[in-house]
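Me: I'd like to talk through this model with you, one question at a time. Could you take a look?
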Number of protein chains: 2
Amino acid sequence: MPLRVDAERMRADFEALSSFGATPDGGVARTTFSEPHLAVRAWFLERGRESGLETHVDSAANHSVVLPASEPGARTLMLGSHLDSVRRGGRYDGALGVLCALEVVRTVQDCGLGLPVALEAVDFTDEEGTLIGLLGSWAMAGILTKEILAAPRGGRDVLVSELDRMGLTEDGLIAARRAPETLAGYLELHIEQGPVLERAEVDIGVVTGIIGSASFSVVFSGEARHAGTTPMDARRDAALGAAAFVLGVRETVVTGFPGCVATVGNIETEPGSFNVVPGRASLRLECRSLDHDEQDALEDALTARARAEAERHGLEVTVERLGRWEPAPTDVAIQEAFERAAAALGLTSMRMPSGAGHDAQALAAITPAGMVFVPSEGGVSHDPSEHTRWEDCVNGANVLLNAAVELARASV
Amino acid sequence: MPLRVDAERMRADFEALSSFGATPDGGVARTTFSEPHLAVRAWFLERGRESGLETHVDSAANHSVVLPASEPGARTLMLGSHLDSVRRGGRYDGALGVLCALEVVRTVQDCGLGLPVALEAVDFTDEEGTLIGLLGSWAMAGILTKEILAAPRGGRDVLVSELDRMGLTEDGLIAARRAPETLAGYLELHIEQGPVLERAEVDIGVVTGIIGSASFSVVFSGEARHAGTTPMDARRDAALGAAAFVLGVRETVVTGFPGCVATVGNIETEPGSFNVVPGRASLRLECRSLDHDEQDALEDALTARARAEAERHGLEVTVERLGRWEPAPTDVAIQEAFERAAAALGLTSMRMPSGAGHDAQALAAITPAGMVFVPSEGGVSHDPSEHTRWEDCVNGANVLLNAAVELARASV
C-alpha cells in the first residue's frame, strides 16, 4: 500500500501560502526579500515548528524544516523548491514544491517511519532571479562564483544593498556550500510550465534532465536607404536577413534537432522608420538542448544558418554568445523511484526533459538529483493565471512521498 | 544655342547657402523655423533683392523671388523647392532646387529675355515635415485641410506654438492658396535621392510622376509562452508570421509589381524577451506605386499576403492603413521640354518616377507640374554624406533654364 499525504492539511496550507503577496488577479507577487516573501518564509518555518520539526536558515538565507534521522550522523535527503515568485507570478511555481516537501516531511513524521536519513524540506533563496537566479541552490552546491556575484541579473547595486539590508554577505553566500558526503540526494516537485503532460493526458512527468541553454545576440547589417527612391534590386535590407533567420531557426530545429527548442524573442530594426530601408536588424536568440554535445551542434547549426542568410541577402552578420548553461541530467535511480511510486499510486507517468531552469540543476552538481512534474493547465506559467488542478497537486505530493521513502530506505 | 546659367555665381551662392546650419560632418541642420532656417530664407530674399528682383512672403511663409513678366496681368511660371532640411540632412536636398530656381530667374533677367510670364523662384515652407510636411506647397495648392492641421506629423502642440511664434495662423495657411488661372506651371529640380541615374550613368532624370504611397500597421498575434518548456510544435509564435510577411512583401513586389517598392521598416515583438515565445509582432509597412490602380492592387496583394502568412502560422492578424498619398503624374509637355533641353545641352536623360514626395506633387493639383532630377552619389540622401557632383548641379540648372524659357514662351 503506498503512503499518502494529508491532503486536507496540505490544502489548508496551500490556501494560507497563496495569501502571501496575493494579487487581485489570483496570482502572487513575492520577489526576493520583498515583504510578502519574508513573511511567507517565516510562515514556512513556523509551520515546521508547529509540527515539532527542526528549522534552519543558512548563510545564503535558504530556509529549511528538518526531520532528523533515526540515527545521529546520518546523511540528509533534501526535498525542496522556492517560495519567491516573478514580479507577476502564479501561486504554483516553486511554492507547490516547497509545500509538498513540507507535507512529505510531516507525513513521514506522522507515520513514525524512522528513516535512516534526515529529511529536509528546503525553500531556496532567489530562484526566480530578482537578484541573481538560483542564488540559494548555487550557493548550497558551491557553484556560486565571484564572477556571478560581480554581474548579477538584477544589477550589482541592487544585490549589494539587498544583501546588506538582509544581514547577508558575499562570503556568507559562498560559505553556504554543503559537503556532498552529507547528502543522500535532492528531490524537487514543480509544475511543468509547459503543455506536454496536459496534451498527453498523463498525471506525472519524470524529469530526465534540465536542459541546457545558450543565448545569443545576432546582428544583420545592410544599408539604410530611402524607402521610396531605392529600387527593390538596389537594397541591402537588414530586415530580410533577420526575417529569413527567424524562419530558419525554426526550420533548423524542427528538421535537425527534435526535442530541442530555439526562440527569437526580440527583433529590433534601425533606424526603425517605415520610410527607411532598415540598415541594421538585431535579434536575441536562445536555444536549449538536454545533451551537451547536441547543444554544441545546435549552436553551430544556428550560427551557420545566420551566416548563410546574411550571405543570401547580401548582408553582414555578427553572432555573439551572451551566456550558456550546461544541461544537467537527473539521477536514473531517482527517475525509476518516481516511476515506481506513480505506478503504485495508479498514476500514469512519462519521462520528459525540463525546458526551464530549476534549483535541481544546481543540486545535481553535488548529489543525485531528480524532479517530478505535475501538469500546468494550458502550459501557462509566470503569470497570475497559472493553474494546476488540486488533484494533480496531491498526486504529485504522493509520488514525492513514496519515492522519498524508498530512496531514504535504500540510501544507507 | 542653349542658354547657360552663371555657374560661378551659382557656385559661390551654393557655398554661402550651405553654411547656414552647417554641421561638422559636412551636412546641414535646418529644421523648419529653426534659427539657421530663418536665416537662410532671409539670405535667399536678400540675394533676390541684390539682383533687383521682387520678393514676396505669403501667409504660409513661402518665400519667393520674382521676375515680373514683360506685360502686366500675365500668369506666373513657378520654379522652386525647399530650404528646410531633416534634422541631420545634407546640403543638396531641396536647397539645390531653390538655388537653381534663383539662378534661372537671374539668368533670364541678365539675358533680358522679356518672357510673357512672370518667373517666380519659391522656397516652400516645411517640406521635410518638422511640422506637417509639404506644408507650404499644400497651402499654396489649396489642399491643406483642417484634418491635416488637426493631426500634424510633428504633433499638434508643436504646430500651434510654432505658428504662434512665427506670427502665422491656420486661417492664413489656408488663405495662401493660389488661383490656378494665375499660374502657367511649376518646375522643380531636385537630387534623385536614389541610385538609378548613377547606376545608369545618365545625366538627367525626367520625372514622369511622383509615386503614391500608403502606410500600414500590421499586427500578428499568437501566444506568449515559456521559451524553454513550450515544444516547437505547441507554439503560436507571432514572430514567425512577421518574418514570413517581411519576406513575402519583397516577393510580392518583385514578382508582381515591377517598378513599385514596399518596405517593412519597423518590427516589434512582445514581450520582447528571448526566453519568451513572442505573443505579438507589430510591423510598419509602406508601399509605393506611380499609378492609382496599381497602388490599389499592390495594397490588396500585400494585405492578402499578411492574412495568408497569419493563417499558415496559426496566428491572427490585423492590417490597418495609416495613410495614403495618391500618385501625382507630371505634365507630359513639361517632360518633353526637359528632354529637349537636355538634348540641346548634349546631356543624356531618362524618364523615371520619383519615389520620394516633393512639393511638385502638391502643385500638380492646380497647375501643370514637372520635375528634373540630378544624380545622387551612392543614392544617399537625408544624411550629411549626401552629395551630387558640381557638374551635375550645373547641368540640372541649365536644363531647368532652357525648359523654363521654352515653356514660358509657349504658354501665352
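This is a predicted model: local features need pLDDT of at least 70, side-chain atom pairs count only at pLDDT 80 or more; totals for chains, interfaces and linings use all residues.

Me: Are α9(A) and α9(B) parallel, perpendicular or oblique to each other?

Reply: Angles of 65 to 115 degrees would count as roughly perpendicular and those over 145 as roughly antiparallel. The pair packs at about 130°. α9(A) and α9(B) are therefore oblique.

Me: How many nonpolar residues are in the contact of α9(A) with α9(B)?

Reply: On α9(A) the contact includes Leu240(A), Ala243(A) and Leu247(A), and on α9(B) it includes Leu240(B), Ala243(B) and Leu247(B). Arg250(A) and Arg250(B) take part too. By class there are no polar residues and two charged ones, and the number of nonpolar residues is 12.

Me: Which element gives the largest share of the side of chain B that touches chain A?

Reply: Nice one to ask about the whole interface, where 49 residues of chain B are in contact with 49 residues of chain A. Elements giving two or more residues to the chain B side include β7, β9 and β11 of chain B. The largest share is nine residues, and it comes from α9(B).

Me: Is α3(B) largely enclosed or open?

Reply: Helix α3 (residues 95–111) of chain B has 17 residues and reaches 24 Å from its first C-alpha to its last. Of those 17 residues, 14 are buried, so α3(B) is largely enclosed.

How values were computed
Residues are numbered from 1 along each chain as its sequence is written. Chains are lettered from A and ligands numbered from 1 in the order in which they are written. Helices (H or I, at least four residues) and strands (E, at least two) are DSSP runs, numbered from the N terminus. The expected span of a helix is 1.5 Å times one less than its number of residues. A residue is buried if 20 or more other C-beta atoms lie within 10 Å of its own, exposed if 12 or fewer, and partly exposed in between; C-beta atoms are placed from the backbone. Two residues are in contact if their C-beta atoms, placed from the backbone, lie within 7 Å. Axes are lines fitted to C-alpha atoms, for helices over the stretch in contact, and angles run from 0 to 180 degrees between N-to-C directions. Angles under 35 degrees count as roughly parallel, over 145 as roughly antiparallel, 65 to 115 as roughly perpendicular and the rest as oblique. Ala, Val, Leu, Ile, Met, Phe, Trp, Tyr, Cys and Pro count as nonpolar, Asp, Glu, Lys and Arg as charged, and the others, Gly among them, as polar.
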